[in-house]
2 protein chains.
Amino acid sequence: MHKKHQIELSDLFNSRVERVRHILNTRKISNLLVLSDENIFYLTGFYGKNSNSLLLITAKKIYLLTNFLYLEHAKSSIDSKNIEIVLYKRDRFIKLIEILEGYYFKSVYIESRKISFKEGLNLKRMLSIKDIKLEVKDGIVEKLRTIKDKTEISIIKKACKLTDKSFERVLNYGAKNIENLSEIELAFYIENLMVKNKASGKSFDIISAFDKNSSMPHYSPQEITLKDGVVLLDFGCRYKNYCSDMTRTIFTKKNKISNEFKKIYDIVLEAQIRAINTCREGITCSSLDSVAREFIRSKGYGNNFGHGLGHGVGLEIHEEPVINAASKTVLKENMVITIEPGIYIENFGGVRIEDMLIVKKNGCEVLYNSRKDFFIAS
Amino acid sequence: MHKKHQIELSDLFNSRVERVRHILNTRKISNLLVLSDENIFYLTGFYGKNSNSLLLITAKKIYLLTNFLYLEHAKSSIDSKNIEIVLYKRDRFIKLIEILEGYYFKSVYIESRKISFKEGLNLKRMLSIKDIKLEVKDGIVEKLRTIKDKTEISIIKKACKLTDKSFERVLNYGAKNIENLSEIELAFYIENLMVKNKASGKSFDIISAFDKNSSMPHYSPQEITLKDGVVLLDFGCRYKNYCSDMTRTIFTKKNKISNEFKKIYDIVLEAQIRAINTCREGITCSSLDSVAREFIRSKGYGNNFGHGLGHGVGLEIHEEPVINAASKTVLKENMVITIEPGIYIENFGGVRIEDMLIVKKNGCEVLYNSRKDFFIAS
């Protein structure tokens, strides 16, 4: 890596930590124990997925606690001189408490979303022996992460471009070839395309649902081949640790079923476009959700759209903001979200259309170019 | 699915639930709230990975709580008449408490390993309003899962066969071709082979580490090509929801570095074989670990083997028993475990050799046939 580039990255991570410290300061919190691997990456540049690492931020110092398996990786990822890398053996909390003993903290403020109940209770017990109170303080880093900076946006755009390119290849592959694949094989074909296009992998288990299986929003592909010509594909890639997410429902046969599908397809598409046209800084997530939901309801399919309209995307495939009827979050410029209404009819099938977009001051920028009109693939 | 087969499967799941009930009865526990997706699959046949489903087992009834996204999947997976499938909207705990109100439970016993601290605290609060105590009761189903039954063993053997076959293809692919791939491309090539061999996917993110990167036990593949000819591959597949796990370290060049590597390779291999020869029902995991560890220590590399000797494998890639210096678990017939010693030298490289095996009364059965002698691939 070029030295100049390293310095810039290190500045980026340092500035993020400073923003966390500013929040802690404002709230009169003396420390924060960061447990989410994505939050740790966001603040340090070290991404140890499921590594059981800990990041302790205090007013003056930052400690990254990691184990033997990740030590070298952590050392090579972290450029900042401000972060002390500490090796723990077996129990990360024992080492944490050793460090805490050098401070006079009355409370330790921890993230509670990415630590199990088992471990949380255990840490609470261990801290109480030292007369330290465990306080839960969630969402500080997650909230910062909702607004993407320039570096992040350029990576996410690249991830979306790869996704577009891979979907284009699926369409070019053609109906006849798709009909020869099982759901599992098609899912794998897409993953393959994304990796060939330089993604580091898929961002979640690809949903490739044929025919009536498309009515199950979180379906797992099986060894089944296409019959009626309905193909729902929900997929995305990981590029430089950031995720993309896209859904298209395509058709390979013009037949009885496709007429029924065309009707619900057009409703879903119209609902999606209406939401996209409404999306801009300043509106609440619940009101964005209601634009699509009310439209679908007005067409008589209100009970067939059982999930939220969308979600934030970034280092995690699902992150804040949540876009559903209950979410009071106000959209802000440079949030990256999905808009993905759907209609699902048990034992018949379903349609979902999903784009990713960047929220702008006066609108939004859709990150995909893939076609989303109803058509019979040839 | 053939009807007879369905009945048998349903019997299998019912008998597992009965074994859980027997344990609850013995311990005078009135209920168990199962939160692990793998445990739910083990007891019902429904595998909703990250679906936020809940399984409540009481003396007479079993409730599976799931949401809109997984409802149809749950219905089609569960054959047993004894399980009532309940749909929840938004908050699974609200629906759970509605059900609990029909009982006079003073306590609810929950698994704490697969629920976040955030959610655990939330559930505790919600239960306390109804004067119900939350008690943590971990490991009941996990312990049953350590001993694999006939159905499981035949699936796992198939998974291992697929893994063997895929590795054979890597070797046949040849040194020249491997040298043309990046770490990411080689990892993907292996995944591709496993899926072509009818696996449903990889069982974890494949480690494909070239040259000195092999010193990082949990390394993530990069866009790097081979230089010195050292290739550490740790990979496995998922077949019918069960995992395989295998590691081989291979060499594509005979050069200065390979002589150094041959020395540590032979030590790791000897340590692994010694452990395999010791493995049988009745010995503790810690003593199995020490067989390999003491040998590596005697050769002067004690500080370079920083992880446990192995772990159980099944529905999860890492499950009980843990095989390390601290584990007092006694090995039993039909446990399926890995044995995977390694030596890692920072900035130089590492060697790990891993097999999966079934513990037997008087020994063990290694589940792989892939070669593991030191050789220069051609």
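1. Let's start with the loop between strand E4 (83-88) and helix H4 (92-100) of chain B, where Arg90(B) is found. Arg90(B) has a positive phi of about 50°, although it is not a glycine. Please keep in mind, here and below, that this is a predicted model.

2. Two cis peptide bonds deserve a look. In chain A, the bond from Glu320(A) to Pro321(A) is cis, with omega near 0°, and Pro321(A) lies in strand E14 (residues 319-323) of chain A. In chain B, Glu320(B) and Pro321(B) are likewise joined by a cis peptide bond, with omega about 0°. Pro321(B) has its place in strand E14 (residues 319-323) of chain B.

3. Now to the place where the chains meet. The contact draws 42 residues from chain A and 42 residues from chain B. Phe68(A), Glu72(A) and Phe117(A) are the three to click on, as they supply 20% of the area that chain A buries against chain B, more than any other three residues. The area buried between chain A and chain B comes to about 3800 Å², and carbon and sulfur atoms give 64% of that.

4. There is also a polar side to this contact. Between chain A and chain B, 13 residue pairs are in polar contact, both residues being at pLDDT 80 or more. On the side of chain A that touches chain B, at least two residues each come from helix H3 (71-77), helix H5 (117-129), strand E6 (133-136) and helix H9 (183-196) of chain A. H9(A) gives the largest share of that side, six residues. By residue type, the side of chain A that touches chain B divides into 17 nonpolar, 13 polar and 12 charged residues.

5. How many salt bridges cross the interface of chain A and chain B? The rule finds six of them. One to display is the salt bridge between the side chains of Lys118(A) and Asp138(B), at 3.7 Å from N to O.

6. Looking at the whole structure, the search finds 70 salt bridges over all chains. Within chain A, Glu340(A) forms a salt bridge with Arg352(A), and the closest N and O atoms are 3.9 Å apart. This pair links distant parts of the chain, 12 residues apart. Glu340(A) sits in the loop between strand E15 (336-339) and strand E16 (342-345) of chain A, while Arg352(A) belongs to strand E17 (residues 349-352) of chain A.

7. The corresponding labels in chain B bring us to a hairpin. Strand E16 (residues 342-345) and strand E17 (residues 349-352) of chain B pair in the antiparallel sense over four bridges. Ile345(B) has Gly349(B) in E17(B) as its bridge partner. Three residues lie between E16(B) and E17(B), and Asn347(B) in the turn has a positive phi of about 65°.

8. Next comes an open sheet of three strands in chain B, in the order E8-E9-E12, with antiparallel pairing. Which strands stand at its edges? They are strand E8 (207-210) and strand E12 (246-251) of chain B; each has a single partner strand, so one side of each is left without a neighbour in the sheet. From one strand to the next, the twist averages 10°.

9. Staying with that sheet, E8(B) pairs with strand E9 (residues 230-235) of chain B over four bridges, in the antiparallel sense. For Phe210(B), the bridge partner in E9(B) is Val231(B). Helix H9 (residues 183-196) of chain B packs on the sheet and touches E8 and E9 of chain B. The direction of this helix makes about 145° with that of E8(B).

10. Chain B has another open sheet of three strands, with the order E7-E10-E11 and antiparallel pairing. In E10(B), Arg238(B) is the bridge partner of Gly201(B).

Technical notes: Residues numbered from 1 in each chain as written. Chains lettered and ligands numbered in written order. Heavy atoms only, no water. Contact = heavy atoms within 4.5 Å. Buried area = accessible area lost by both parts, 1.4 Å probe. Salt bridge = Lys/Arg side-chain N within 4 Å of Asp/Glu carboxyl O. Polar contact = N/O pair within 3.5 Å; in protein donor to acceptor, adjacent residues only side chain to side chain. Nonpolar A, V, L, I, M, F, W, Y, C, P; charged D, E, K, R; others polar. Pairing = 2+ DSSP bridges. Axes fitted to C-alpha atoms, helices over the stretch in contact; angles between N-to-C directions.
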